[in-house]
Amino acid sequence: AARSLDHKHGDEDKKSFEFRIEQEYRTRFESELAGMQHKHDSKRAELVEKSAASRSELEVESAAWKDGLQHAEEERVGQLLQTIAQEEHHCSELATQIPAEILAAEQAFQ
(Lines give C-alpha, C1' and ligand atoms only; values in the text may rest on other atoms or scores of the structure.)
Protein backbone atom coordinates (compact mmCIF):
# COMPACT_ATOMS: atom_id res chain seq x y z
CA ALA A 1 0.00 0.00 0.00
CA ALA A 2 2.88 2.35 0.77
CA ARG A 3 4.42 1.53 -2.53
CA SER A 4 1.27 2.36 -4.47
CA LEU A 5 1.05 5.62 -2.53
CA ASP A 6 4.68 6.43 -3.52
CA HIS A 7 3.90 5.48 -7.10
CA LYS A 8 0.82 7.70 -7.12
CA HIS A 9 2.81 10.51 -5.50
CA GLY A 10 5.55 9.99 -8.15
CA ASP A 11 3.00 10.35 -10.96
CA GLU A 12 1.79 13.61 -9.45
CA ASP A 13 5.38 14.89 -9.18
CA LYS A 14 5.98 13.89 -12.82
CA LYS A 15 2.77 15.62 -13.94
CA SER A 16 3.64 18.66 -11.88
CA PHE A 17 7.15 18.72 -13.36
CA GLU A 18 5.79 18.34 -16.91
CA PHE A 19 3.27 21.10 -16.23
CA ARG A 20 6.00 23.45 -14.94
CA ILE A 21 8.25 22.70 -17.95
CA GLU A 22 5.32 23.25 -20.31
CA GLN A 23 4.46 26.53 -18.57
CA GLU A 24 8.11 27.66 -18.73
CA TYR A 25 8.35 26.90 -22.45
CA ARG A 26 4.98 28.53 -23.09
CA THR A 27 6.07 31.66 -21.18
CA ARG A 28 9.39 31.75 -23.06
CA PHE A 29 7.64 31.22 -26.40
CA GLU A 30 5.04 33.92 -25.68
CA SER A 31 7.81 36.30 -24.62
CA GLU A 32 9.80 35.64 -27.81
CA LEU A 33 6.64 35.98 -29.87
CA ALA A 34 5.83 39.30 -28.20
CA GLY A 35 9.40 40.46 -28.90
CA MET A 36 9.12 39.47 -32.56
CA GLN A 37 5.73 41.19 -32.81
CA HIS A 38 7.19 44.34 -31.25
CA LYS A 39 10.11 44.31 -33.74
CA HIS A 40 7.67 43.78 -36.60
CA ASP A 41 5.42 46.62 -35.41
CA SER A 42 8.41 48.94 -34.95
CA LYS A 43 9.79 48.14 -38.41
CA ARG A 44 6.34 48.61 -39.95
CA ALA A 45 5.91 51.97 -38.21
CA GLU A 46 9.38 53.01 -39.41
CA LEU A 47 8.54 52.05 -42.99
CA VAL A 48 5.19 53.83 -42.85
CA GLU A 49 6.97 56.94 -41.54
CA LYS A 50 9.64 56.75 -44.27
CA SER A 51 6.95 56.23 -46.89
CA ALA A 52 5.00 59.25 -45.67
CA ALA A 53 8.17 61.35 -45.63
CA SER A 54 9.04 60.22 -49.17
CA ARG A 55 5.52 60.95 -50.38
CA SER A 56 5.62 64.39 -48.79
CA GLU A 57 9.06 65.07 -50.31
CA LEU A 58 7.82 63.98 -53.75
CA GLU A 59 4.74 66.20 -53.45
CA VAL A 60 6.94 69.19 -52.56
CA GLU A 61 9.32 68.44 -55.46
CA SER A 62 6.40 67.96 -57.84
CA ALA A 63 4.82 71.25 -56.80
CA ALA A 64 8.16 73.06 -57.19
CA TRP A 65 8.65 71.46 -60.61
CA LYS A 66 5.14 72.49 -61.71
CA ASP A 67 5.73 76.02 -60.43
CA GLY A 68 9.04 76.10 -62.30
CA LEU A 69 7.37 74.90 -65.49
CA GLN A 70 4.57 77.42 -65.14
CA HIS A 71 7.07 80.22 -64.51
CA ALA A 72 9.17 79.14 -67.52
CA GLU A 73 6.02 78.94 -69.65
CA GLU A 74 4.86 82.38 -68.53
CA GLU A 75 8.33 83.76 -69.23
CA ARG A 76 8.33 82.19 -72.72
CA VAL A 77 4.86 83.57 -73.47
CA GLY A 78 6.07 87.01 -72.33
CA GLN A 79 9.08 86.75 -74.65
CA LEU A 80 6.87 85.70 -77.56
CA LEU A 81 4.47 88.59 -76.93
CA GLN A 82 7.43 90.98 -76.84
CA THR A 83 8.77 89.52 -80.11
CA ILE A 84 5.32 89.84 -81.71
CA ALA A 85 5.07 93.47 -80.56
CA GLN A 86 8.54 94.18 -82.03
CA GLU A 87 7.57 92.50 -85.31
CA GLU A 88 4.32 94.48 -85.46
CA HIS A 89 6.24 97.70 -84.83
CA HIS A 90 8.76 96.76 -87.53
CA CYS A 91 5.93 95.92 -89.96
CA SER A 92 4.20 99.20 -89.26
CA GLU A 93 7.48 101.07 -89.90
CA LEU A 94 7.89 99.19 -93.16
CA ALA A 95 4.29 99.95 -94.06
CA THR A 96 5.01 103.68 -93.76
CA GLN A 97 8.48 103.48 -95.39
CA ILE A 98 7.57 101.38 -98.43
CA PRO A 99 4.91 103.75 -99.87
CA ALA A 100 7.31 106.67 -99.33
CA GLU A 101 10.09 104.72 -101.13
CA ILE A 102 7.71 103.74 -103.94
CA LEU A 103 6.60 107.34 -104.26
CA ALA A 104 10.23 108.49 -104.30
CA ALA A 105 11.10 105.86 -106.96
CA GLU A 106 8.12 106.84 -109.10
CA GLN A 107 9.10 110.48 -108.84
CA ALA A 108 12.71 109.64 -109.79
CA PHE A 109 11.50 107.96 -113.02
CA GLN A 110 9.27 110.86 -114.01
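Predicted model: local features only at pLDDT ≥ 70, side-chain atom pairs only at ≥ 80, totals over all residues.
Because arginine 28 and glutamate 24 are four residues apart in helix α1, about one helical turn separates them. Arginine 28 is likewise described as partly exposed, at 42% relative accessibility. The charged end of arginine 28 also sits over the ring of tyrosine 25, 5.4 Å from the centre of that ring, whereas a search of the whole structure for aromatic pairs finds zero.

**Overall form**

The secondary structure of the chain amounts to one helix and zero strands, and helix α1 covers residues 2-109. Taken along the principal axes, the box filled by the C-alpha atoms is roughly 160 × 15 × 10 Å. The radius of gyration of the chain is 47 Å, whereas a compact globule of 110 residues would have a value near 13 Å. Of the 110 residues, 0% count as buried, and the chain exposes about 10,400 Å², of which carbon and sulfur atoms supply 58%.

**Salt bridges**

Side chains of opposite charge can pair when their charged atoms come close. The search of the whole structure finds four salt bridges, among them the following pairs.

| Pair | N to O distance |
|---|---|
| Glutamate 22 and arginine 26 | 2.9 Å |
| Glutamate 46 and lysine 43 | 3.9 Å |

Glutamate 22 and arginine 26 both lie in helix α1, where they are four residues apart, about one turn of the helix. Glutamate 22 has a relative accessible area of 43% and so counts as partly exposed, and arginine 26 falls into the partly exposed class at 42% relative accessibility.

How many residues apart are glutamate 46 and lysine 43 in helix α1? Glutamate 46 and lysine 43 are three residues apart, and they are therefore separated by about one helical turn. Salt bridges that share partners join Lys43, Glu46 and Lys50 into one network. The closest N and O atoms of glutamate 46 and lysine 43 are 3.9 Å apart, and the pair counts as a salt bridge because the cut-off between a side-chain nitrogen and a carboxyl oxygen is 4 Å.

Which residues form a nonpolar patch on the surface? The patch is made of Val77, Leu80, Leu81 and Ile84, which together have about 350 Å² of accessible area. Isoleucine 84 has its place in helix α1, and this residue counts as partly exposed because its relative accessibility is 46%, a value between the 20% limit for buried residues and the 50% limit for exposed ones.

Proline 99 also lies in helix α1, and with a relative accessible area of 46% this proline is partly exposed.

Definitions and conventions:
Residues numbered from 1 in each chain as written. Heavy atoms only, no water. Patch = residues over 30% accessible without salt bridge, like charges linked within 9 Å, V, L, I, M, F, W, Y side chains within 5 Å. Areas by Shrake-Rupley, 256 points an atom, 1.4 Å probe, with all protein chains shown as cover. Helix = DSSP H or I, 4+ residues; strand = E, 2+ residues; numbered from the N terminus. Buried < 20%, exposed > 50% of the residue type's maximum accessible area, 1.4 Å probe, protein only. Phe/Tyr/Trp six-rings, centres within 6.5 Å; stacked < 30°, edge-to-face > 60°. Lys NZ or Arg CZ within 6 Å of the ring centre and 35° of its normal. Rg over C-alpha atoms; globule rule 2.2 N^0.38 Å.
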